[in-house]
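I had a single chain open and wanted to know how it is put together. These are my notes, in the order I looked things up.

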Amino acid sequence: MPGLVSDDPETLRPMKRSVQRIAFYLGVALLIGAGFMAGRDMLSRAGWQAALPLSRTEGTASIGGPFTLVDHTGKTVTETDFRDRFMLIYFGFTYCPDACPTALTAMAEALDIIGPAANRIVPVFISVDPERDTPEQLNMYVRHFHPSLIGLTGSAEQVAAAAKTFRVYYAKVKEEGSDDDDYAMDHTSIVYLMGPDGKFRTHFSGHATSPETMAAGILGVL
Ligand code: NI
């Protein structure tokens, strides 16, 4: 391999260039690799964080707790009003175009599949949009889904406290220049099943669980 030891600039230059090229590609490959690893790490961390509140080993005991809210008839209720019955709980808002109707429909159909045993379960929809979701608004809304569905709302503070005990995230999403009452709510989409003792039993993805799967999951812990 004469090129390797030659001092002849004509043969050295192409060698140098190819070494530079290899170094360049190696650098690019390393950058892509590093980016991939960082992305994967971020994803797994996000997955871990999302799963953390529902971890069976440490988080379950702290999901749910005392709350004071107002039901769709205007009556003030607390968690003790639901003792001795299972609660199937979903947080959302009545103006929600997709996730909430999907989740509430799945809950309603799951209860229908379960049949008479569903009498032991109270389906509950808790609004994260108390500004627009008055008891009257909830009253019109819940009847579309299931005769036993209870709608809960309250003051901004009451709703925030209830969401906190269930580790539910929500935030107003408003486009610049739109009217004050024209906005959406970003929110956690999880259906919680709480036991008659008020303690967490299991959960389902609100918008990605079929009624059959939800019914089976509920029957498994009923
Ligand atoms: Ni929603």
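The entries go from the whole chain to the sheet, then to the metal site and a few single residues.

**Entry 1: the whole chain.** First thing to jot down: this is a predicted model. I counted elements and got 6 helices and 9 strands in the chain. Of the 222 residues, 38% are buried. Then I took the contacts between residues at least 6 apart in sequence, and 67% of them join residues at least 24 apart.

**Entry 2: the sheet.** Next I traced the strand order. 7 strands make an open sheet, β2-β1-β5-β4-β3-β8-β9, and the pairing is mixed. The edges are β2 (76–78) and β9 (200–205); each has a single partner strand, so one side of each has no neighbour in the sheet. From one strand to the next, the twist averages 35 degrees.

β3 (residues 86–92) runs parallel to β4 (residues 121–127), with 7 bridges between them. Across that pairing, phenylalanine 91 sits opposite isoleucine 126 in β4.

Entry 3: How many residues of β4 are buried? The count is 7 of the 7, so β4 is largely enclosed by the rest of the structure.

Entry 4: Helix α4 (residues 135–142) lies across β1 (68–71), β4 and β5 (150–153), at about 155 degrees to β5. Helix α6 (residues 211–219) lies across β3, β4, β8 (190–194) and β9, and runs at about 170 degrees to β9.

**Entry 5: helix α3.** With 16 residues at 1.5 Å a residue, α3 should span 22 Å, and its end C-alpha atoms are 22 Å apart, which agrees. Its buried residues are Ala99, Cys100, Ala103, Leu104, Ala106, Met107, Ala108, Ala110, Leu111 and Ile114. Those buried residues pack against β3, β4, α4, β7, β8 and α6. Just past the end of α3, glycine 115 has a positive phi of about 80 degrees.

**Entry 6: the nickel ion.** Which atoms coordinate the nickel ion? I found Cys96 (SG), Cys100 (SG) and His187 (NE2), at 2.0 to 2.3 Å. The donor spacing in sequence reads C-x3-C-x86-H. Cysteine 96 is in the loop between β3 and α3 (99–114) and histidine 187 is in strand β7 (residues 184–187), so this pair ties together parts 91 residues apart in sequence.

With cysteines in view, I ran a disulfide search over the whole structure, and it finds 0.

**Entry 7: the strand that carries the histidine.** I looked at the two faces of β7. Met185 and His187 make up the covered face, and Ala184 and Asp186 the uncovered one. β7 pairs with β6 (residues 170–173) in the antiparallel sense, over 4 bridges. In that pairing, alanine 171 has aspartate 186 as its bridge partner.

**Entry 8: threonine 209.** Last, a single loop residue. Threonine 209 is in the loop between β9 and α6. Its relative accessible area is 14%, so threonine 209 is buried. Which residues does threonine 209 touch, leaving aside neighbours within four places in sequence? I noted Ala106, Phe204 and Met214. I also took a C-alpha distance: threonine 209 and threonine 102 are 107 residues apart along the chain, and their C-alpha atoms are separated by 9.3 Å.

Note on methods:
Residues are numbered from 1 along each chain as its sequence is written. This is a predicted model: local features need pLDDT of at least 70, side-chain atom pairs count only at pLDDT 80 or more; totals for chains, interfaces and linings use all residues. Side-chain values use heavy atoms; hydrogens and water are left out. Two strands pair if DSSP finds at least two bridges between them. Axes are lines fitted to C-alpha atoms, for helices over the stretch in contact, and angles run from 0 to 180 degrees between N-to-C directions. Contact means heavy atoms within 4.5 Å. A disulfide is a pair of cysteine sulfur atoms within 2.5 Å. Donors are N, O and S atoms within 2.8 Å of the metal (3.2 Å for Na, K and Ca); water is not among the atoms, so sites may look incomplete. The expected span of a helix is 1.5 Å times one less than its number of residues. Buried means under 20% relative accessible area, exposed over 50%, partly exposed in between (1.4 Å probe, protein chains only).
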